[in-house]
Amino acid sequence: MIIALLYKNLLNKNTGKKTTAGSDMSSLSRVIKYGTIYTRIRDLMRAGVMKKEDGPLWYDTIEAFPPIEPPTLEREIPSEPITEILYPEDVIRAKFYNHYGTFYTCDLENQSSVAKSPCHRFITRYQELEKTWTGSETELFEATAVALNQEGLQLRKKGEKRGEKVRNVDKMDAEPSISKDAMANLLKTTLTDSSTKET
Amino acid sequence: MAQLKLFSRLRPQRLCSLCSFSSSPDPVVLQQAAAVAVDKKQTDPLSHPDFFGVKELFTLKDLFDARVHLGHKDGLLDPYMKKYLFGIRQRQCILDLDKTVPHLRSALNFAAHVAYRDGIILMINRTPQFCHLVEKTAEECGEYAHTRDWQGGCFTNAWIQFGPGTRLPDLVIFFHTLNTVFQEHTAVRDSAKMNIPTIGIVDSNCNPNLITYPVPGNDDTQSAMQLYCRLFKTAILRGKDKRKEMEGKTD
(Lines give C-alpha, C1' and ligand atoms only; values in the text may rest on other atoms or scores of the structure.)
Protein backbone atom coordinates (compact mmCIF):
# COMPACT_ATOMS: atom_id res chain seq x y z
CA MET A 1 0.00 0.00 0.00
CA ILE A 2 1.39 3.39 -0.90
CA ILE A 3 0.75 5.23 2.35
CA ALA A 4 1.62 8.69 1.04
CA LEU A 5 -1.01 8.59 -1.69
CA LEU A 6 -3.58 7.27 0.75
CA TYR A 7 -3.07 10.08 3.17
CA LYS A 8 -2.80 12.79 0.53
CA ASN A 9 -6.18 11.69 -0.80
CA LEU A 10 -7.61 12.06 2.65
CA LEU A 11 -6.85 15.77 2.60
CA ASN A 12 -9.73 16.21 0.18
CA LYS A 13 -12.22 14.53 2.50
CA ASN A 14 -14.76 17.15 3.51
CA THR A 15 -15.13 17.32 7.24
CA GLY A 16 -16.18 20.90 7.67
CA LYS A 17 -13.12 21.44 9.90
CA LYS A 18 -10.24 23.65 8.91
CA THR A 19 -6.68 22.65 9.70
CA THR A 20 -4.31 25.57 9.41
CA ALA A 21 -0.61 24.97 8.81
CA GLY A 22 1.22 24.28 12.04
CA SER A 23 -1.91 23.70 14.08
CA ASP A 24 -2.69 20.08 14.77
CA MET A 25 -4.76 20.41 17.86
CA SER A 26 -4.82 16.79 18.86
CA SER A 27 -1.06 16.40 19.00
CA LEU A 28 -0.67 19.20 21.54
CA SER A 29 -0.15 16.58 24.18
CA ARG A 30 1.90 13.52 23.26
CA VAL A 31 2.38 12.29 26.77
CA ILE A 32 1.43 8.64 27.09
CA LYS A 33 2.77 8.01 30.57
CA TYR A 34 -0.01 9.80 32.40
CA GLY A 35 -3.74 9.61 31.85
CA THR A 36 -5.53 8.44 28.74
CA ILE A 37 -6.21 10.05 25.34
CA TYR A 38 -9.60 11.11 26.64
CA THR A 39 -8.29 12.75 29.83
CA ARG A 40 -5.62 14.64 27.89
CA ILE A 41 -8.07 16.14 25.39
CA ARG A 42 -10.57 16.87 28.17
CA ASP A 43 -7.92 18.67 30.22
CA LEU A 44 -6.78 20.70 27.20
CA MET A 45 -10.38 21.83 26.77
CA ARG A 46 -10.75 22.58 30.47
CA ALA A 47 -7.58 24.66 30.39
CA GLY A 48 -9.00 26.63 27.46
CA VAL A 49 -6.20 25.63 25.07
CA MET A 50 -8.56 23.69 22.82
CA LYS A 51 -12.11 24.66 22.01
CA LYS A 52 -14.94 22.13 21.79
CA GLU A 53 -15.26 22.78 18.02
CA ASP A 54 -11.55 22.09 17.49
CA GLY A 55 -11.83 18.86 19.41
CA PRO A 56 -11.37 15.48 17.74
CA LEU A 57 -14.15 13.61 15.96
CA TRP A 58 -14.34 10.81 18.53
CA TYR A 59 -14.50 12.94 21.68
CA ASP A 60 -18.29 12.97 22.12
CA THR A 61 -18.46 9.25 21.33
CA ILE A 62 -15.87 8.27 23.91
CA GLU A 63 -17.64 10.47 26.47
CA ALA A 64 -20.95 8.73 25.79
CA PHE A 65 -19.46 5.21 25.54
CA PRO A 66 -16.31 5.10 27.67
CA PRO A 67 -14.12 2.01 27.53
CA ILE A 68 -14.68 -0.63 30.23
CA GLU A 69 -11.26 0.15 31.76
CA PRO A 70 -9.46 3.47 31.20
CA PRO A 71 -6.48 2.75 28.91
CA THR A 72 -3.70 3.98 31.19
CA LEU A 73 -0.12 2.87 30.57
CA GLU A 74 0.54 1.93 34.19
CA ARG A 75 -1.90 -0.47 35.75
CA GLU A 76 -2.04 -2.84 38.67
CA ILE A 77 -1.34 -6.50 38.02
CA PRO A 78 -3.78 -8.77 39.85
CA SER A 79 -2.07 -10.84 42.52
CA GLU A 80 -4.56 -13.73 42.50
CA PRO A 81 -3.08 -16.95 41.11
CA ILE A 82 -4.43 -18.15 37.78
CA THR A 83 -6.84 -21.08 38.06
CA GLU A 84 -5.72 -24.38 36.61
CA ILE A 85 -8.64 -25.79 34.62
CA LEU A 86 -9.18 -29.38 35.75
CA TYR A 87 -12.21 -31.65 35.55
CA PRO A 88 -13.08 -34.77 37.65
CA GLU A 89 -12.84 -36.98 34.53
CA ASP A 90 -9.21 -35.89 34.00
CA VAL A 91 -8.23 -38.72 36.38
CA ILE A 92 -9.88 -41.28 34.06
CA ARG A 93 -8.36 -39.53 31.06
CA ALA A 94 -4.85 -39.74 32.51
CA LYS A 95 -5.24 -43.46 33.30
CA PHE A 96 -6.60 -44.12 29.80
CA TYR A 97 -3.68 -42.41 28.05
CA ASN A 98 -1.10 -44.00 30.34
CA HIS A 99 -2.53 -47.43 29.64
CA TYR A 100 -3.49 -47.26 25.97
CA GLY A 101 -1.56 -44.30 24.59
CA THR A 102 -2.72 -42.30 21.56
CA PHE A 103 -3.39 -44.45 18.54
CA TYR A 104 -6.16 -42.61 16.67
CA THR A 105 -6.45 -39.38 14.71
CA CYS A 106 -8.83 -36.60 15.68
CA ASP A 107 -10.02 -33.79 13.40
CA LEU A 108 -9.62 -30.68 15.55
CA GLU A 109 -11.52 -28.55 13.01
CA ASN A 110 -14.62 -30.68 13.52
CA GLN A 111 -16.00 -30.56 17.09
CA SER A 112 -18.27 -33.56 16.55
CA SER A 113 -15.20 -35.79 16.13
CA VAL A 114 -14.67 -35.45 19.90
CA ALA A 115 -17.77 -37.57 20.57
CA LYS A 116 -16.33 -40.32 18.33
CA SER A 117 -12.88 -40.37 19.96
CA PRO A 118 -12.08 -43.53 21.97
CA CYS A 119 -11.12 -41.55 25.09
CA HIS A 120 -14.45 -39.70 25.20
CA ARG A 121 -16.40 -42.93 24.73
CA PHE A 122 -14.31 -44.57 27.46
CA ILE A 123 -14.98 -41.75 29.92
CA THR A 124 -18.75 -41.71 29.32
CA ARG A 125 -18.93 -45.52 29.72
CA TYR A 126 -16.78 -45.42 32.85
CA GLN A 127 -19.01 -42.78 34.43
CA GLU A 128 -22.14 -44.77 33.52
CA LEU A 129 -20.77 -47.97 35.10
CA GLU A 130 -19.39 -46.11 38.12
CA LYS A 131 -22.90 -45.26 39.31
CA THR A 132 -23.73 -48.93 40.05
CA TRP A 133 -20.20 -50.32 40.62
CA THR A 134 -19.25 -52.01 43.85
CA GLY A 135 -15.75 -53.37 43.13
CA SER A 136 -12.35 -51.65 42.85
CA GLU A 137 -11.29 -48.92 40.41
CA THR A 138 -8.93 -51.18 38.44
CA GLU A 139 -11.75 -53.69 37.96
CA LEU A 140 -14.06 -50.91 36.77
CA PHE A 141 -11.38 -49.75 34.33
CA GLU A 142 -11.07 -53.24 32.84
CA ALA A 143 -14.85 -53.68 32.78
CA THR A 144 -15.20 -50.47 30.74
CA ALA A 145 -12.61 -51.72 28.26
CA VAL A 146 -14.52 -55.02 27.95
CA ALA A 147 -17.81 -53.18 27.46
CA LEU A 148 -16.29 -51.09 24.67
CA ASN A 149 -14.77 -54.19 23.05
CA GLN A 150 -18.28 -55.62 22.84
CA GLU A 151 -19.43 -52.42 21.14
CA GLY A 152 -16.69 -52.86 18.58
CA LEU A 153 -13.95 -50.57 19.88
CA GLN A 154 -10.66 -52.48 20.13
CA LEU A 155 -8.32 -51.00 22.70
CA ARG A 156 -4.70 -52.13 22.59
CA LYS A 157 -2.35 -51.71 25.52
CA LYS A 158 0.56 -49.34 24.95
CA GLY A 159 3.54 -51.33 23.64
CA GLU A 160 1.49 -54.37 22.61
CA LYS A 161 2.05 -55.41 19.00
CA ARG A 162 -0.72 -56.05 16.52
CA GLY A 163 -1.58 -59.60 15.23
CA GLU A 164 1.33 -61.22 13.26
CA LYS A 165 1.23 -60.84 9.50
CA VAL A 166 2.19 -63.39 6.76
CA ARG A 167 4.76 -60.96 5.39
CA ASN A 168 6.93 -61.63 8.43
CA VAL A 169 10.40 -62.85 7.30
CA ASP A 170 10.49 -65.61 9.95
CA LYS A 171 7.47 -67.17 8.34
CA MET A 172 9.11 -67.59 4.95
CA ASP A 173 9.94 -71.25 5.65
CA ALA A 174 6.58 -72.02 7.19
CA GLU A 175 4.01 -74.47 5.82
CA PRO A 176 1.94 -73.20 2.84
CA SER A 177 -1.75 -72.54 3.36
CA ILE A 178 -2.76 -75.12 0.70
CA SER A 179 -2.36 -78.86 1.68
CA LYS A 180 0.24 -81.13 0.01
CA ASP A 181 -2.36 -83.43 -1.56
CA ALA A 182 -4.31 -80.56 -3.04
CA MET A 183 -1.11 -79.14 -4.47
CA ALA A 184 -0.19 -82.52 -6.03
CA ASN A 185 -3.61 -82.79 -7.68
CA LEU A 186 -3.36 -79.25 -9.01
CA LEU A 187 0.05 -79.91 -10.57
CA LYS A 188 -1.10 -83.21 -12.11
CA THR A 189 -4.11 -81.61 -13.79
CA THR A 190 -2.18 -78.67 -15.19
CA LEU A 191 0.73 -80.79 -16.45
CA THR A 192 -1.44 -83.45 -18.10
CA ASP A 193 -3.59 -80.76 -19.79
CA SER A 194 -0.54 -79.10 -21.27
CA SER A 195 0.93 -82.41 -22.45
CA THR A 196 -2.28 -83.39 -24.31
CA LYS A 197 -2.36 -79.96 -25.98
CA GLU A 198 1.16 -80.37 -27.33
CA THR A 199 0.48 -83.65 -28.99
CA MET B 1 -48.23 23.27 49.96
CA ALA B 2 -47.27 24.10 53.54
CA GLN B 3 -43.87 22.50 53.00
CA LEU B 4 -43.27 24.57 49.89
CA LYS B 5 -43.92 27.82 51.79
CA LEU B 6 -41.32 26.80 54.38
CA PHE B 7 -38.67 26.20 51.68
CA SER B 8 -39.42 29.47 49.96
CA ARG B 9 -38.84 31.38 53.21
CA LEU B 10 -35.49 29.71 53.85
CA ARG B 11 -34.05 29.85 50.34
CA PRO B 12 -35.74 32.58 48.35
CA GLN B 13 -33.34 32.22 45.38
CA ARG B 14 -34.50 28.64 44.77
CA LEU B 15 -38.21 29.65 44.61
CA CYS B 16 -38.30 29.67 40.82
CA SER B 17 -37.10 26.09 40.58
CA LEU B 18 -39.56 25.00 43.28
CA CYS B 19 -42.54 26.66 41.60
CA SER B 20 -42.78 23.83 39.07
CA PHE B 21 -43.60 21.42 41.87
CA SER B 22 -46.48 23.53 43.19
CA SER B 23 -49.11 21.67 41.18
CA SER B 24 -49.26 17.99 40.11
CA PRO B 25 -47.40 17.41 36.79
CA ASP B 26 -49.54 18.03 33.75
CA PRO B 27 -50.07 14.72 31.85
CA VAL B 28 -49.90 16.53 28.49
CA VAL B 29 -46.57 18.10 29.39
CA LEU B 30 -45.26 14.72 30.52
CA GLN B 31 -46.35 13.09 27.29
CA GLN B 32 -44.64 15.78 25.23
CA ALA B 33 -41.45 15.40 27.25
CA ALA B 34 -41.53 11.62 26.75
CA ALA B 35 -42.08 12.07 23.01
CA VAL B 36 -39.11 14.41 22.76
CA ALA B 37 -36.97 11.92 24.68
CA VAL B 38 -37.98 9.06 22.37
CA ASP B 39 -37.44 11.22 19.32
CA LYS B 40 -33.98 12.16 20.56
CA LYS B 41 -33.12 8.52 21.11
CA GLN B 42 -34.08 7.71 17.55
CA THR B 43 -32.24 10.62 15.95
CA ASP B 44 -29.25 11.22 18.22
CA PRO B 45 -26.92 8.19 18.06
CA LEU B 46 -25.18 9.10 21.31
CA SER B 47 -28.29 8.89 23.46
CA HIS B 48 -29.21 5.39 22.24
CA PRO B 49 -27.34 2.59 24.07
CA ASP B 50 -26.97 0.53 20.88
CA PHE B 51 -27.89 2.72 17.92
CA PHE B 52 -26.31 0.44 15.30
CA GLY B 53 -27.62 -2.85 16.71
CA VAL B 54 -24.17 -4.19 17.41
CA LYS B 55 -25.42 -6.64 20.05
CA GLU B 56 -27.22 -8.83 17.51
CA LEU B 57 -24.08 -9.28 15.34
CA PHE B 58 -22.63 -12.14 17.40
CA THR B 59 -23.24 -14.47 20.33
CA LEU B 60 -20.88 -16.07 22.83
CA LYS B 61 -21.33 -19.41 21.04
CA ASP B 62 -20.12 -17.83 17.78
CA LEU B 63 -16.94 -16.79 19.58
CA PHE B 64 -16.48 -20.27 21.02
CA ASP B 65 -17.02 -21.98 17.66
CA ALA B 66 -14.47 -19.65 16.06
CA ARG B 67 -12.00 -20.65 18.84
CA VAL B 68 -11.59 -17.08 20.11
CA HIS B 69 -10.98 -18.39 23.64
CA LEU B 70 -7.68 -20.14 22.81
CA GLY B 71 -4.57 -18.28 23.90
CA HIS B 72 -0.88 -19.05 23.82
CA LYS B 73 1.23 -21.08 26.27
CA ASP B 74 1.47 -20.04 29.91
CA GLY B 75 5.11 -18.94 29.60
CA LEU B 76 4.17 -16.27 27.05
CA LEU B 77 1.42 -14.80 29.20
CA ASP B 78 1.55 -11.01 29.57
CA PRO B 79 0.85 -10.10 33.24
CA TYR B 80 -1.69 -7.45 32.21
CA MET B 81 -3.75 -10.11 30.41
CA LYS B 82 -4.21 -12.16 33.61
CA LYS B 83 -7.54 -10.55 34.38
CA TYR B 84 -8.95 -11.60 30.99
CA LEU B 85 -8.08 -15.28 31.48
CA PHE B 86 -10.59 -17.98 32.30
CA GLY B 87 -7.73 -20.23 33.38
CA ILE B 88 -4.90 -22.41 32.11
CA ARG B 89 -5.64 -25.85 30.68
CA GLN B 90 -2.64 -28.13 30.16
CA ARG B 91 -0.34 -25.06 30.02
CA GLN B 92 -2.48 -23.30 27.38
CA CYS B 93 -4.14 -20.00 28.37
CA ILE B 94 -7.90 -19.93 27.92
CA LEU B 95 -9.44 -16.46 27.61
CA ASP B 96 -12.68 -15.70 29.41
CA LEU B 97 -15.38 -15.20 26.77
CA ASP B 98 -17.70 -13.65 29.36
CA LYS B 99 -15.24 -10.76 29.46
CA THR B 100 -14.60 -10.76 25.71
CA VAL B 101 -18.28 -10.27 24.81
CA PRO B 102 -18.79 -6.81 26.43
CA HIS B 103 -15.35 -5.67 25.21
CA LEU B 104 -16.12 -6.69 21.64
CA ARG B 105 -19.55 -5.06 21.78
CA SER B 106 -18.14 -1.73 22.99
CA ALA B 107 -15.39 -1.89 20.33
CA LEU B 108 -17.88 -2.57 17.50
CA ASN B 109 -20.17 0.18 18.79
CA PHE B 110 -17.31 2.68 18.85
CA ALA B 111 -16.19 1.71 15.33
CA ALA B 112 -19.75 2.16 14.05
CA HIS B 113 -20.01 5.59 15.68
CA VAL B 114 -16.71 6.72 14.16
CA ALA B 115 -17.87 5.50 10.74
CA TYR B 116 -21.16 7.37 11.26
CA ARG B 117 -19.20 10.58 11.82
CA ASP B 118 -17.18 10.13 8.57
CA GLY B 119 -14.08 9.13 10.49
CA ILE B 120 -11.06 7.55 8.83
CA ILE B 121 -10.42 4.02 10.04
CA LEU B 122 -7.07 2.30 9.60
CA MET B 123 -6.76 -1.46 10.00
CA ILE B 124 -3.37 -2.80 10.99
CA ASN B 125 -2.10 -6.36 10.92
CA ARG B 126 1.45 -7.67 10.52
CA THR B 127 0.90 -11.40 10.20
CA PRO B 128 1.46 -12.47 6.58
CA GLN B 129 -1.23 -15.13 6.97
CA PHE B 130 -4.03 -12.55 7.24
CA CYS B 131 -2.51 -9.64 5.34
CA HIS B 132 -4.75 -10.15 2.31
CA LEU B 133 -7.86 -10.74 4.42
CA VAL B 134 -7.42 -7.45 6.30
CA GLU B 135 -6.72 -5.50 3.11
CA LYS B 136 -9.79 -6.99 1.48
CA THR B 137 -11.95 -6.18 4.53
CA ALA B 138 -10.78 -2.57 4.49
CA GLU B 139 -11.48 -2.26 0.79
CA GLU B 140 -14.96 -3.74 1.17
CA CYS B 141 -15.99 -1.25 3.86
CA GLY B 142 -14.36 1.72 2.15
CA GLU B 143 -11.66 2.24 4.75
CA TYR B 144 -7.88 1.82 4.88
CA ALA B 145 -5.43 -0.91 5.80
CA HIS B 146 -1.72 -1.06 6.56
CA THR B 147 -0.25 -4.54 6.60
CA ARG B 148 3.36 -3.89 5.58
CA ASP B 149 6.49 -2.48 7.24
CA TRP B 150 5.69 0.47 9.43
CA GLN B 151 7.67 3.64 8.78
CA GLY B 152 8.90 5.15 12.04
CA GLY B 153 7.34 8.55 11.75
CA CYS B 154 4.12 7.60 10.00
CA PHE B 155 1.95 9.23 12.64
CA THR B 156 4.41 11.24 14.74
CA ASN B 157 6.23 12.80 11.79
CA ALA B 158 3.37 12.80 9.29
CA TRP B 159 3.49 16.50 8.44
CA ILE B 160 7.17 16.18 7.40
CA GLN B 161 6.87 12.81 5.65
CA PHE B 162 3.57 13.32 3.84
CA GLY B 163 3.21 17.07 3.73
CA PRO B 164 1.62 19.66 6.00
CA GLY B 165 -2.05 19.33 6.83
CA THR B 166 -2.06 15.54 6.54
CA ARG B 167 -5.13 14.16 8.24
CA LEU B 168 -4.40 11.19 10.46
CA PRO B 169 -6.89 8.37 11.03
CA ASP B 170 -9.63 8.88 13.61
CA LEU B 171 -9.57 5.22 14.64
CA VAL B 172 -6.99 2.45 14.33
CA ILE B 173 -8.12 -1.19 14.49
CA PHE B 174 -5.38 -3.70 15.31
CA PHE B 175 -6.22 -7.23 14.23
CA HIS B 176 -2.83 -8.22 15.63
CA THR B 177 -1.16 -5.96 18.21
CA LEU B 178 2.30 -7.44 17.71
CA ASN B 179 4.66 -7.08 14.78
CA THR B 180 6.66 -9.81 13.05
CA VAL B 181 9.20 -10.05 15.90
CA PHE B 182 6.63 -10.43 18.69
CA GLN B 183 7.06 -6.89 20.00
CA GLU B 184 4.27 -4.38 20.38
CA HIS B 185 3.54 -2.66 17.05
CA THR B 186 4.92 0.91 16.97
CA ALA B 187 1.51 2.21 15.94
CA VAL B 188 0.00 1.28 19.33
CA ARG B 189 2.26 3.72 21.13
CA ASP B 190 2.14 6.29 18.32
CA SER B 191 -1.66 6.30 18.21
CA ALA B 192 -1.72 6.98 21.94
CA LYS B 193 0.80 9.80 21.41
CA MET B 194 -1.23 11.36 18.61
CA ASN B 195 -4.45 10.95 20.62
CA ILE B 196 -6.01 8.50 18.17
CA PRO B 197 -8.37 5.95 19.78
CA THR B 198 -7.51 2.33 19.09
CA ILE B 199 -9.36 -0.95 19.01
CA GLY B 200 -7.16 -4.03 19.31
CA ILE B 201 -7.57 -7.80 19.39
CA VAL B 202 -5.26 -8.70 22.28
CA ASP B 203 -4.08 -12.27 22.64
CA SER B 204 -2.62 -13.70 25.84
CA ASN B 205 0.92 -12.57 24.85
CA CYS B 206 -0.05 -8.94 24.10
CA ASN B 207 -0.04 -5.83 26.32
CA PRO B 208 -3.54 -4.30 26.30
CA ASN B 209 -2.69 -1.17 28.30
CA LEU B 210 -2.37 1.51 25.62
CA ILE B 211 -5.31 0.25 23.57
CA THR B 212 -8.50 2.24 24.16
CA TYR B 213 -10.93 -0.60 23.41
CA PRO B 214 -9.06 -3.89 23.81
CA VAL B 215 -10.80 -7.11 22.82
CA PRO B 216 -9.23 -10.13 24.53
CA GLY B 217 -9.30 -12.91 21.96
CA ASN B 218 -7.36 -15.29 19.73
CA ASP B 219 -5.64 -13.52 16.86
CA ASP B 220 -3.85 -16.46 15.26
CA THR B 221 -6.62 -18.78 14.06
CA GLN B 222 -8.18 -18.46 10.62
CA SER B 223 -11.72 -18.86 11.96
CA ALA B 224 -11.29 -16.17 14.64
CA MET B 225 -9.74 -13.65 12.23
CA GLN B 226 -12.50 -14.18 9.69
CA LEU B 227 -15.07 -13.59 12.41
CA TYR B 228 -13.46 -10.32 13.53
CA CYS B 229 -13.11 -9.04 9.96
CA ARG B 230 -16.74 -9.84 9.25
CA LEU B 231 -17.95 -8.16 12.46
CA PHE B 232 -15.94 -4.96 12.04
CA LYS B 233 -16.88 -4.69 8.38
CA THR B 234 -20.58 -5.04 9.25
CA ALA B 235 -20.36 -2.49 12.07
CA ILE B 236 -18.57 0.08 9.90
CA LEU B 237 -20.98 -0.38 7.00
CA ARG B 238 -23.94 -0.01 9.36
CA GLY B 239 -22.50 3.27 10.61
CA LYS B 240 -22.09 4.52 7.07
CA ASP B 241 -25.56 3.40 6.02
CA LYS B 242 -27.14 5.19 8.98
CA ARG B 243 -25.24 8.30 8.01
CA LYS B 244 -26.63 8.19 4.48
CA GLU B 245 -30.11 7.55 5.90
CA MET B 246 -29.86 10.56 8.20
CA GLU B 247 -28.52 12.77 5.41
CA GLY B 248 -31.34 11.57 3.17
CA LYS B 249 -33.94 12.46 5.80
CA THR B 250 -32.63 15.99 6.32
CA ASP B 251 -32.55 16.62 2.52
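**View 1. Contacts and secondary structure of chain A in the predicted model.** Of the contacts in chain A with a separation of 6 or more, 47% are between residues 24 or more positions apart; contact means heavy atoms within 4.5 Å. Chain A has eight helices and zero strands, and from the N terminus on its elements run α-α-α-α-α-α-α-α. Helices (H or I, at least four residues) and strands (E, at least two) are DSSP runs, numbered from the N terminus. Of the 199 residues in chain A, 24% are buried, where buried means under 20% relative accessible area, exposed over 50% and partly exposed in between (1.4 Å probe, protein chains only). This is a predicted model, in which local features need pLDDT of at least 70 and side-chain atom pairs count only at pLDDT 80 or more, while totals for chains, interfaces and linings use all residues. Residues are numbered from 1 along each chain as its sequence is written, chains are lettered from A and ligands numbered from 1 in the order in which they are written, and side-chain values use heavy atoms, with hydrogens and water left out.

**View 2. The largest pocket.** The largest pocket has a volume of about 1,400 Å³. A pocket is an open set of points on a 1 Å grid over the protein atoms alone, where a 1.4 Å probe fits, with protein on both sides within 12 Å along at least five of seven lines; lining residues have an atom within 4 Å of a point. Grid points are joined across faces, edges and corners, and the volume is the space filled by probe spheres set on the points. The lining has 33 residues, of which Arg93(A), Leu108(A), Val114(A), Leu70(B) and Arg89(B) lie nearest the pocket centre. Elements that each supply at least two lining residues include helix H4 (90–100) of chain A and strand E2 (85–89) of chain B. By class, the lining has 16 nonpolar, nine polar and eight charged residues. Ala, Val, Leu, Ile, Met, Phe, Trp, Tyr, Cys and Pro count as nonpolar, Asp, Glu, Lys and Arg as charged, and the others, Gly among them, as polar.

**View 3. The open sheet of chain B.** Three strands form an open sheet in the order E1-E3-E2, with antiparallel pairing. Strand E1 (70–73) and E2 of chain B are the edge strands, each pairing on one side only. Two strands pair if DSSP finds at least two bridges between them; four bridges join E2(B) to E3(B). Cys93(B), in E3(B), is the bridge partner of Ile88(B).

**View 4. The surroundings of Ser191(B).** Ser191(B) lies in helix H8 (residues 186–193) of chain B. Ser191(B) counts as buried because its relative accessibility is 0%. Not counting residues up to four places away in sequence, Ser191(B) touches Phe155(B), Val172(B), Ile196(B) and Thr198(B).
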